[in-house]
Amino acid sequence: MMKNIAFYISGRRESMMRCHAIIDTLLRLEEELNIFVVSDEWAVSKLKKYNKEKERIHYYIEETDIRICLQEETGKPDWMATEKRVEEFIADWDELTEKTEEFLLENKIGLVISDICPWIFSAADNLRIKILLISDFTWDQVYKGRMSEAVWATYESCYEDAVKVIAYDLHQPELDRIAEDFEPVSLVSGPYDMEMIEQIRWGAGLPIVYLGPDIPVLKNLKDLPYYFILGGEQELAGVKMLPDEKEEAGAGNVFIPDLPILHMHNYIAASDYVIGRGDWDVAAFALLANKKAAYCKDEDARAEAKRIDILKERGQCIEILEEELADIPAVLKKLDALDYNYDMGYHNDDYEIAKMILSAYPKKRKRRMEE
């Protein structure tokens, strides 16, 4: 009998990429398995590129999460605008829950995964379908102290319905207290394309620097003795580059990938240095590939700032100010001097996570008893 698992995935890049790695492993482990992926239009379009030849993945577009609104002039979080959008989002949850219950029943879903969609917990709980939370943080942790208690407490109450929590390394400590069944894991990554990695390294001819999403692209990169990989989709990352600047940046020692998200782990594996913002996926791929990394901390990005603190304490990154990006050779000199700690034992845990998910699938699916 076919098993049907639904993944409700936030439209965040990090959530999408790590869930992709797990989904890919699940399909290899279990032949009688259908995966129902629910996320926003942007994430679904990317995942379809990953999995265009996989027939047992079914995609559905739904607004699973709200991204943080940014101030137009500074690019900093606009918490007032974000709270307004979140309040409007919460107002739709009853309708979303009712619609989702019909979807779960119609597709005979036996297990639900959330990373980190909040409202799906109510629908699963109403139908007595087991739901797992897989993440490194939850939104209530980000919203506390920045939005009203009514907002963050609503999110917090959703996550408390998780039957099991699978927490990635570098996770926020609050995850430990959500469910009694708590399982810490390492990191995840898609499979490496060794031929692609070797081609990048062979063609560069210079030390390679990976510039992660949201890292400003400086005009003087072409004058530096390094080969740069721009790791973000520049328009989505908010980097302002005129067409002629892009053309110039894409020549010589600067590489603008056509599919930066699709192959982020390969680009990082091919690089000698990583510069980023402390995003989970950039940090995870750098750690798995044993790359020295410099991260710009933004205290407004609470999860990323905490992650940088953890990595600094472990001796696995340096923290820099954004102004220091004007002198990248000086940043790389600091990285060369970093006494990198190689003893933490990070590994790709996608296989173990997939086994946890399959073992959580109920032997006999429980349905809500009609009164």
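In the predicted model, Y210 stands opposite I229 of strand β9. The strands concerned are β8, residues 208-211, and β9, residues 227-230, which run parallel and are joined by four bridges. Both belong to an open sheet of six strands with parallel pairing, in which the order is β10-β9-β8-β11-β12-β13. At the edges of this sheet lie β10 (254-255) and β13 (318-320), each of which pairs on one side only. Helix α14, formed by residues 328-337, packs on the sheet and touches β8, β9, β11 (273-276), β12 (292-296) and β13. The direction of α14 makes about 120 degrees with that of β11.

A further open sheet contains seven strands, again with parallel pairing, in the order β3-β2-β1-β4-β5-β6-β7. Its edge strands are β3 (57-61) and β7 (182-184), and each of these pairs on one side only. From one strand to the next, the twist averages 20 degrees.

Strand β2, residues 33-39, pairs with β3 in the parallel sense over five bridges. In this pair, F36 stands opposite H58 of β3. Strands β5 and β6 also pair in the parallel sense, over four bridges, and S135 stands opposite A167 in β6. Strand β6 is in turn joined to β7 by three bridges, and the two strands run parallel. Here the bridge partner of I166 is E183 in β7. The side chains of β6 point in two directions: K164 and I166 point one way, V165 and A167 point the other way, and all are buried.

Helix α1 lies across β1 (3-9), β2, β3, β4 (111-115) and β5 (130-135), and runs at about 170 degrees to β1. Helix α15, residues 350-360, packs on the sheet by touching β1, β2, β4, β5, β6 (164-167) and β7. The direction of α15 makes about 165 degrees with that of β5.

Helix α1 also packs against another helix. Two packed helices are described by the angle between their axes and the distance between the axes. The axes of α1 (residues 13-29) and α2 (residues 41-50) come within 11 Å and cross at roughly 30 degrees. Because angles under 35 degrees count as roughly parallel, α1 is roughly parallel to α2. The crossing of these two helices is right-handed. On the α1 side, the contact is made by R13, M16, M17 and H20, and on the α2 side by W42, A43, K46, L47 and Y50. The residues of this contact divide into six nonpolar, one polar and two charged.

The relative accessible area of R13 is 15%. Since buried means under 20% relative accessible area, R13 is buried. Leaving aside residues up to four places away in sequence, R13 touches W42, P213, I261, M264, D279, D281 and V282. Among these residues, W42 is also part of the α2 side of the helix contact.

Technical notes
Residues are numbered from 1 along each chain as its sequence is written. This is a predicted model: local features need pLDDT of at least 70, side-chain atom pairs count only at pLDDT 80 or more; totals for chains, interfaces and linings use all residues. Side-chain values use heavy atoms; hydrogens and water are left out. Two strands pair if DSSP finds at least two bridges between them. Contact means heavy atoms within 4.5 Å. Axes are lines fitted to C-alpha atoms, for helices over the stretch in contact, and angles run from 0 to 180 degrees between N-to-C directions. Angles under 35 degrees count as roughly parallel, over 145 as roughly antiparallel, 65 to 115 as roughly perpendicular and the rest as oblique. A crossing is left-handed if the near helix is turned anticlockwise from the far one by less than a right angle, and right-handed if clockwise. Ala, Val, Leu, Ile, Met, Phe, Trp, Tyr, Cys and Pro count as nonpolar, Asp, Glu, Lys and Arg as charged, and the others, Gly among them, as polar. Buried means under 20% relative accessible area, exposed over 50%, partly exposed in between (1.4 Å probe, protein chains only).
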